[in-house]
Amino acid sequence: MSNPNYSKEKKVGEGTYAVVYLGKQLASGKSIAIKEIKTSEFKDGLDMSAIREVKYLQELDHPNVINMIDIFMAYDNLNLVLEFLPTDLEVVIKDQNVLFTPADIKAWMLMTLRGVYHVHRNFILHRDLKPNNLLISPDGIIKVADFGLARAVPGPREILTSNVVTRWYRAPELLFGAKHYTYAVDVWSIGVIFAELMLRIPYLPGQDDVNQMEVTFRALGTPTDKVWPEVSTFPGYNKLQIYPPPSRDELRKRFIAATENALTLMENMLMMNPHTRWTTAQCLECDYFRELPEPSNPADIKLSK
Amino acid sequence: MSQTQSKESSQVPDLSTDKTPPKEEVEEEEKPPYYKRITDDDLYRNSSQYRMWSYTADHLREKRSETCQRATEVVNRKLEEFVNTHQDELTEEDMKILKLKASPLTMDEELKLINFYSKKVQVIAQHLNLPTEVVATSITFFRRFYLENSVSEYDPKNLVHTTIFLACKSENYFISVDSFAKKAKSSRDAILKYEFKLLESLKFSLLNHHPYKPLHGFFLDIQTVLHGKVDLKYMGQIYDRCKKRITDALLTDVVYLYTPPQITLAILLMEDEQLVKRYLGMKFGKEETPEEGDIDSKKKDASAPDTEDTESKDKESTKKAPEDINFDKLFSVIEECKQTLKNSESVSTEEAKRVAAKNYYCQKPDILLQKLKRKKEATDLEDGEPTSKKQKLDE
């Protein structure tokens, strides 16, 4: 627990492998969060999630990625000292008292994409993007956090587990159980988050893994070999109900406040075929970010009354 | 739009299978004021490998000497304590022996032991059938641990399995500690005992940039730049040899002194100097935009049979080289790296045993004295038989 440089003041959260405390960096008086990793409970030594988190946060330095200030051992526990981030996008979306504008959404999308672009440029896949993992700093900046499921971009022949990403944000290739995938899984998640920001409710809330496919394809159309060559060779494909993709008009009706460019961005992030899905770079350069309204100044976005 | 992207994809071949950005569309586009793109070099400079584990030769020596000195002081202090507490029992001869035999390791000896055990880490990791990257990371972790710690503080044989096990986890190649222990013929406790210490000594820096990726990249790029001028089968052969050489290079200090691409080029240079010269020459403009004839006259060596067309060559060779890369400078750096690689010698088992024994006895002077006493008694019994022949110093 004790480290002469930091204080732990209040326990604010407890996850499967870590306890989070709020505290202060004593020298500067700055607020910080300490993620204490419960190492003693793992029979295989240091836990994989902890290792991943440490490994990737050590490398990433970007305004839109959570900053790891320090890391230390105390009483056989691993402590990550992180910047203090009081809220997250999930809280904001759920808070009925908060009104936000299309310009606010644009600012959040821009910051999220910039952060994830940086993650990708460092050859890292996040694999668990969701509103809950997009933390918000006191001055409104989005910070991509929680790298407990992250991994290096696989080589061409590497076999991966498709059991990643929280269900509602899981890309179709993962739903199909693909053994190889890349950056595109993260882009899909951001696309779903984008839709959720516009709707203010989860866009593809599947109840279980099977239902997730149903929900996803009902909303966005069942992929066919025409848009995604060989998709029909995935096991289980034949059991699927074939839904047509939504027309632009149907999307307009569902996302009433969205501009055409916003819909184009969303459609391209939610492209069934991971090979044609936009990259974060393509997203960042799209017209949605060049048209009015300009993204809000993050510090001006009111997150509570 | 995609100027930025095509640049990336040409440097990162792994990704090209997945996303091929529309190269053709590359057109100069108006960039916003203050537009500055973070280069791949900038990214590398921000990596923990560069920030924490890259040194100049002097700095590296200094670092080792500090670690060694710290350990020496401890060993000497303990020896002194031993002498002080056993003053009454120690004979003059004992004292002589202690002076002669019980002395801390020199920096050179430490390094020999580390190098010897690094090789062991490699052999064991390969024996466990671990993927190349895991083997590489094991070696890297082990060697970094002993930049921070002395072999007299932590016996290297106790860290071999620990580093391999952590490397497995860090490279996302999970094996449970029990099955790892079984395979490695070790125990759970022995493997986990120093895991924390290891992580701490690694300064929590776990992501390694090994030269295998640059190797892949250079091979793709060489085939593009020297399109139709290199034999693919030949390239395949040297690729495999280079890969092996990379693993060997990880056992040397070049990893602290040079960047992964520099090491890769140095290794390529060892395999085929002509090839590297031609490639870098075209890439970084040793000869200004080489003419067709120019190149043809150079491909006398067996590595470059004349095959296929050369039409794509023009497009590639006129590609602008990054402004800050100068052929001569680059070449001298990789030449220097190559020399360092060549001068790295392996440590024989005998030598390693000698140093390990010394490391042991300087910390256990009582055992040293006992042993010599016993030996002396034995020789006294055998009446002056020469003993030195089978002097065996294992622990």
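## Contacts and packing

The contact takes 25 residues from chain A and 26 residues from chain B. Two residues are in contact if their C-beta atoms, placed from the backbone, lie within 7 Å. This is a predicted model: local features need pLDDT of at least 70, side-chain atom pairs count only at pLDDT 80 or more, and totals for chains, interfaces and linings use all residues. Residues are numbered from 1 along each chain as its sequence is written, while chains are lettered from A and ligands numbered from 1 in the order in which they are written.

On the chain A side that touches chain B, helix H1 (48-57) and strand E4 (68-74) of chain A each supply at least two residues. H1(A) has the largest share, four residues. Helices (H or I, at least four residues) and strands (E, at least two) are DSSP runs, numbered from the N terminus.

Chain B is divided into domain 1 (52-201) and domain 2 (212-343); such bounds come from an automatic or database domain assignment. Here 15 residues of domain 1 of chain B are in contact with eight residues of domain 2 of chain B. On the domain 1 side, helix H5 (57-85), H7 and helix H8 (132-148) of chain B give two or more residues each. H8(B) gives the most, with six residues.

Ala, Val, Leu, Ile, Met, Phe, Trp, Tyr, Cys and Pro count as nonpolar, Asp, Glu, Lys and Arg as charged, and the others, Gly among them, as polar.

| Domain 1 of chain B, touching domain 2 of chain B | seven residues | six residues | two residues |

Within chain B, the axes of helix H7 (residues 107-127) and helix H21 (residues 349-363) come within 9 Å and cross at roughly 120°. Axes are lines fitted to C-alpha atoms, for helices over the stretch in contact, and angles run from 0 to 180 degrees between N-to-C directions. H7(B) meets H21(B) through B:Glu109, B:Lys112, B:Leu113 and B:Phe116, with partners including B:Val355 and B:Asn359. By class, this contact of H7(B) with H21(B) has five nonpolar, one polar and four charged residues.

Chain A has an open sheet of three strands, in the order E6-E8-E9, with antiparallel pairing. Two strands pair if DSSP finds at least two bridges between them. Three bridges join strand E8 (residues 134-136) of chain A to E9(A). A:Leu134 stands opposite A:Val144 in E9(A).
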